[in-house]
Every structure is written in structure tokens, then in C-alpha cells.
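Take a walk through this model, one element after another. Keep the structure open as you read.

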Number of protein chains: 2
Amino acid sequence: MTEVAGRIEIYGQCEIVMANTTSLPTLQDVAAAAGVSTATVSRVINFPAQVAPATRAKVEATIAQLGYSPHFGARVMAARRTNTVGAIIPTMENAVFARGLQAFQDELSAHGYTMLVASTGYSAANEAEQVKALVARGADALLLIGHKRDQAIYDFLAAQGIPTIITWAFDPSSGRPSVGFDNAAAMRDMARQVIDMGHRQLALISAETASNDRAMERYLGIQAAMQDKGLPEENLLFIETSYGIEEGAIAFKQAMSASNPPSAVFCGNDVLAVGALRQARDSGIHVPDDVSIIGFDDIELAQVAYPPLTTVHVPHREMGRLAAAALIGWLKDGTPPNTVELLAYPVMRSTLAPKD
Amino acid sequence: MTEVAGRIEIYGQCEIVMANTTSLPTLQDVAAAAGVSTATVSRVINFPAQVAPATRAKVEATIAQLGYSPHFGARVMAARRTNTVGAIIPTMENAVFARGLQAFQDELSAHGYTMLVASTGYSAANEAEQVKALVARGADALLLIGHKRDQAIYDFLAAQGIPTIITWAFDPSSGRPSVGFDNAAAMRDMARQVIDMGHRQLALISAETASNDRAMERYLGIQAAMQDKGLPEENLLFIETSYGIEEGAIAFKQAMSASNPPSAVFCGNDVLAVGALRQARDSGIHVPDDVSIIGFDDIELAQVAYPPLTTVHVPHREMGRLAAAALIGWLKDGTPPNTVELLAYPVMRSTLAPKD
DNA sequence: GAATCGCATGTAAGCGCTTACACTTTCTAC
DNA sequence: GTAGAAAGTGTAAGCGCTTACATGCGATTC
């Protein structure tokens, strides 16, 4: 063994080989190889226009030859920004946030930003942790879903000077920049139509409202519509459940076995609605003849479900894109963007019918 | 103005205020405030056991009071690692990769790593770019989908010393560590059963095979089964299309209008299958009485579709979790993990019936 | 032809943290 | 009691990059 080790030292080449395997080329290596200063190499990378064409070509060739790529950490540290934007969403497991997020990312990428995602599993404590984690990782800005969270989180973000945009909700009174829609109004509009169709006994299968203002708003929207139309509050059966198709199915069964079963079942989101739909089928309950089912979100699932789901359309893509644009502008100008309200509106498909 | 500026200098306090608003507290600030060295503060954060309890308490209090949180870039630079793992997937827009990715992230989080996601939109060029981008951002390791990509990408990754794991595929001959399943074998198993049920005229609505080895393998799997069962190659109508429900619908229409329409239509993934299913319904074609439809992936959509989709179950969660575990081990030990083969198997639901 | 300008490039000072090493103090074992 | 180990802490050298500022030099102006 010692002999071998000794031998290795004899061959000068080996040192080079070892250097290659143990460490990547640095800016300095490139500068040395190209016969220029580190500043020039840095400029070639960041502000190519500032460098004479001949020099630039030489440096670019050297970069390619050495396979150099800038060290992220060093760059972050020297430039004091990461060009990274964080997004914290409740879950990645289904399409509710995926489409919006994809649009968000596309827009960010187009402007040279990278997206960092974290999911909370609908847990507030988890969210607080993820906010800290993303900020610690140098997220220059953050996207959050909904307004409702501990004030401490907002204080932290403000103290760290992290531009933060709220999406999936609209509440101008909050004073926080947001790109979203009015959950209550959208659900209210839908509920009005449902009531106008003659439905009197209603149910809402809702996501948990405790830390989810979107769910709460949707609930309030139905209540508002009922009040408008003179329906007493007790005509709404409110069932709160956690997220998932199965949960929707269970809740639907529960709703239908009530002493006064509803003729229209609202669901806080399409995933729950699809679960309800499946349960109806399994129980031989015909939709929409026996009961109407109404979703919220208009994710792909809604169109593919059978019967195609009547739901509230949410402009996911638009929301993601505009949120990214707002954040990019904020990062550039240093001034918070205006709050943007998008429209979410009922989409009539086949799971809602008049009650005769 | 000069007067004002002069005044500011008079008040010592102002300097402090300005420092507060313009920059976050640093390790050094904490050290100074706590009356210890920067090394001690660093230890409190990274190796608390090494610090005397009294000192630690004091430092922790100071950290809390100042609202200090370590600067990511500086940390990365000094420690030469980011604790970040990148994942590059074709798309985030639907559930195909979402569940696996969620499991991947959960496992990473549990071990103190953060996930960086990038999507390629099924474009090879885009993928090459994203690989570079994630590496440049300091991803310590990478998750990729499928084996097929330019050798240059593998060379780049090797040169940069980035542990990389392949998922959603299994090809021990590649010599690359992977956690996945044998797409060809899974599809072959399914196809055998379909043929055994009496189907002779088949179709495959496939994702584009050019840069997607999973799609290609699935195609080959059907061919293998046909050969086993003595069906001539021309009994398979092969339709290649891009990704999406709509695309599946269009391709299905095309398949059924062939001169020799298939009695069983395989789909390269559930999204295409659900599109086919919808198109069948819209065209008054009854599934599975008139035609059988078979998916692949077993995403949530498959269970919710009507009729529930017969498909090939892919162990998404397990795959994500194990991929993360493999990568974490690799990062720790420095030795590549063994390739893991998971089992993907047919799930019989209601869209496949015997051909009489 | 001297003064001026502006472009291309170089010099070098950090950015905020980790960590090897050194040092001091306290314990342990005989 | 003392040598040696162990534990706690400090010192200071970078990590690889960006960028303010300095420098050099050819082009322009009068």
C-alpha cells in the first residue's frame, strides 16, 4: 500500500488527475487559463456587453473547455441575492395548486428566477417552519396561499425584508399585496344559482376551516347567498373534513344519511366533490337527478369526472403568472405591487339540476 | 440637505437604526451581542452539543432576540455543500409525478435536505438546461426521470461530481443507480392478460417516444406480449401524441375510425386514457362493452374516472421515498447506491372486458 | 499636439460563514 | 500533587464570487 501511495506521488500527472476529481474549476482557474482577470470573467458571465468581443470569445471558450460553472453560494454571497423565489403550498399531491404553480414557475424562469417549493400538508405549524426554511435558504421573495396565518410569520417576513405575495384569496382590507379571487363572492354566486334552481336543503362538505381562510370564505359565501334568498341557516348541513377523495366520499355518505338529506351538496373543492360523486354512484344515488353536487376549483378532474362536474372556475394559470410578475416587479422596483383581483365564476356542467 | 446629513451623524442612535433597516443581523452581530466568538455561535447552530449549556443558552437567547437567521449563501460557501437536492420532472401539471415527488420531498425534509424542482415540459433541450441550472444553484444531488438523455448530460454530472439517481425506469444494464420499475415488463404483463381475454385488434395511444424511454418501453412491452401470443405486429395500431386529456381524446377518435378498429386501446398513461374514456362517452361508444381502455400509472384520476380505469399500478410513493433515501445515503457515504427494482402491476378495474 | 473622454480591463476589498488549530481551563487517574 | 486527557472557547484563514475604484490606452476635439 505504501509503495502504491509512493508511486502515485512520482507521477506528476496524478496530481492533476486528483485535482480534477476533487474540485471544480473556479472563476480564478478560468481567469488564469484565459489570461485575464477574474473581474473580466465575471463580466463575461454577468454583463457580456461590457467586454470586448475578442476577449469575450476567448473567455467563453475557456469556460466551455474547463466545464466551468459558477458556484452558487459564492455568487449569492457576493451579489447579496439568490434569484430564488419560494412558494409554499398546502400540498403537491393533486392538481389544485399544480397548475398555478407551473405557471408561476414558467414566468419566473422566463425572468431568470428559480422556484423553490415547499408543502405544508395543510398544517399551520409546518408552514411557519417552511417559511423560515425558505428564507434561510435565501429565497428573495415568497408566494403564500391565503391570508390566514400567525402574525408572527408576517412580522418575520417584514423584518427580513422578504417581498411576499398572497394568492388564492382576495382581501383588500388586509393591506397585503395579493393576486387572487374572492372566494366568498364566487361561492355566493354559485349558491345563488343553486338556490334559484329550487334547492332548499343544502349541505357543504368543507375542507377544515380553522387555518384555511379559503375554506372559511367559501362557507361564508353560501351563508350569504342563503341569507339573500331568505333561507334559514339551519337548512345548511355543514360537514368539515380533511382533504382527499376518500374523505369526500365519507362525508357525502354522512350528509345523505342526515334526517333531512340535502338536494344539493356543495363541496369545498373538486377533490372532495369527486369523492362525493363516486360515493353517490356506489350508493346508487343518481347525480344530478337525485342530488346535485357542486365543486370548486375547476381542476382537470372536474371535466373528466362523470358526470362532468359543475364547479367554480378558478383562473389558476393567470393567477400563477400574475403572481410571479408582481413579485418580479417588486424585486426590481422595491415597491409592493397593487393587489389584483381575478374572477372566479361558476361553470355549469352536468352535476347540478333544478330541484322540482 | 447637507445640514440634515450633518445632523444624522450627530446622533449615534441613528447609525444603529440605519444598520437595522438596511441589513440583517450577522453571525458576528450575534457573537458581539452575546459576548462570545463567532466560532461559538456557529457551533451553537451546527453542533450544539459542543457548547457548554450556559453559553449555549446565552447565545440562543441572543439569536432569538436579534431574530438572527444564518445567511444561506455564506453558509453554502463556507461549508461547501447546500443540502439541496434537485428534481427534474417532465411536468408538474398533473398527478403523474406529483405523488412520487411529494414522497421524495417528505423523505428529504426528514433528513434536513430541501428539494428544488424544475420541469422540462417533456423537452430534452429544456432538460439539459435545467440540469445545468440546478447544479449551478448548488444542488448536491439530482433526481431524473428515465434513462434516455444526451450522454453530455451524464458527463457533465460526472464531472461536477453530482450524485444522480434515475427513477420511473429500470435498466440494470445502464450501470446508473436507479429506483424504478420495468416499464416494458409491466406493460407486457398487462398486454398478455388483454390478449388472453380474446382481444386481437389492439391500439396504443402513446406519449412521444423520441426522448421518452418510458413511453418507448411500454410500447415494446406490448410488442413483446403480442409476439409471445403469436399476434402479428400489424394488429397493433400505434398512435403517438403529446401529453394531455384532449390529446388522448383526439387520438382515441382517430384509433376508432381506423379501417380495422381495435377492441382494446392501450394508453401510455392515465391522462391519455382518461381522455380516451371521455371521447368514448361523447361518441356513444360503451366502455368496456364496445371497446376496452387500459391506462398506465394508476394516478388518482384512474380510480375516479368512470368507469374506473383498468391500469398499471406504479408505486409512486415508494419510488419517491426510496429514491430520496438512496440519494441521502450516497451523499453521506460517497458510494453509489444499488439499483432498486420496484414492481408495477396491472390493476383490474372496469374498463377492460373479455372480447367475445 | 495637448487635453479630454470613454471604453476595456485589472486590482483588491469584502460578502457571512465554517473549521483547523491553538489555547485555556477543568477533570481524571495514578 | 502532577501528567495527561478532555472539554470549552477563541483566532484567523479562507470559501468563490461581485463590484467600486483605479488604470491604461486609443479616439476625439479644439
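**A parallel sheet and its surroundings**

Strand 6 and strand 7 of chain A pair in the parallel sense, with 5 bridges between them. Across this pairing, A:Ile205 stands opposite A:Ile239 of strand 7. The model is a predicted one.

The two strands belong to an open sheet of 4 strands in chain A, ordered 7-6-8-9, with parallel pairing. Strand 7 and strand 9 of chain A are at the edges with a single partner strand each, so one side of each has no neighbour in the sheet. On average, neighbouring strands of this sheet are turned by 15 degrees against each other, direction ignored.

Helices cover this sheet. Helix 10 of chain A, residues 183–196, lies across strand 6, strand 8 and strand 9 of chain A. Its direction runs at about 170 degrees to strand 8 of chain A. Helix 13 of chain A also packs on the sheet and touches strand 6, strand 8 and strand 9 of chain A. The direction of helix 13 makes about 160 degrees with that of strand 9 of chain A.

Next comes helix 12 of chain A, residues 245–256. Helix 12 has 12 residues and spans 17 Å from first C-alpha to last, close to the 16 Å expected. Which of its residues are buried? They are A:Ile245, A:Gly248, A:Ala249, A:Ala251, A:Phe252 and A:Ala255. These buried residues pack against strand 6, strand 7, strand 8, helix 13 and strand 9 of chain A. They also pack against helix 14 of chain B.

That last contact leads to the interface. The area buried between chain A and chain B is about 4200 Å², and carbon and sulfur atoms give 56% of it. The count of salt bridges between chain A and chain B is 0.

Over all chains, the count comes to 22 salt bridges. One of them joins A:Asp297 to A:Arg218, with the closest N and O atoms 3.8 Å apart. A:Asp297 lies in the loop between strand 9 and helix 14 of chain A and A:Arg218 in helix 11 of chain A, so the pair ties together parts 79 residues apart in sequence. A:Asp297 is buried at 2% relative accessible area, and A:Arg218 is buried at 7%.

A:Asp298 forms a salt bridge with A:Arg349, at 3.0 Å between the closest N and O atoms. This pair links distant parts of the chain, 51 residues apart. A:Asp298 is buried at 7% relative accessibility, while A:Arg349 is partly exposed at 24%.

A:Glu318 and A:Arg321 form a salt bridge at 3.8 Å, N to O. Both lie in helix 15 of chain A, 3 residues apart, about one turn of the helix. A:Arg188, A:Asp189, A:Arg192 and A:Asp228 are linked in a salt-bridge network.

A:Leu144 sits in strand 3 of chain A. Is A:Leu144 buried or exposed? It is buried, because its relative accessible area of 0% is under the 20% cut-off. A:Leu144 and A:Ile88 are 56 residues apart in sequence and 5.5 Å apart in space, C-alpha to C-alpha.

In chain B, 6 of the 6 residues of strand 2 are buried. On one side these are B:Thr114, B:Leu116 and B:Ala118. On the other they are B:Met115, B:Val117 and B:Ser119. Strand 1 of chain B runs parallel to strand 2 of chain B and is joined to it by 6 bridges. B:Ser119 is the bridge partner of B:Ile89.

Note on methods: Residues numbered from 1 in each chain as written. Chains lettered and ligands numbered in written order. Predicted model: local features only at pLDDT ≥ 70, side-chain atom pairs only at ≥ 80, totals over all residues. Heavy atoms only, no water. Expected span 1.5 Å × (residues − 1). Buried < 20%, exposed > 50% of the residue type's maximum accessible area, 1.4 Å probe, protein only. Contact = heavy atoms within 4.5 Å. Pairing = 2+ DSSP bridges. Axes fitted to C-alpha atoms, helices over the stretch in contact; angles between N-to-C directions. Buried area = accessible area lost by both parts, 1.4 Å probe. Salt bridge = Lys/Arg side-chain N within 4 Å of Asp/Glu carboxyl O.
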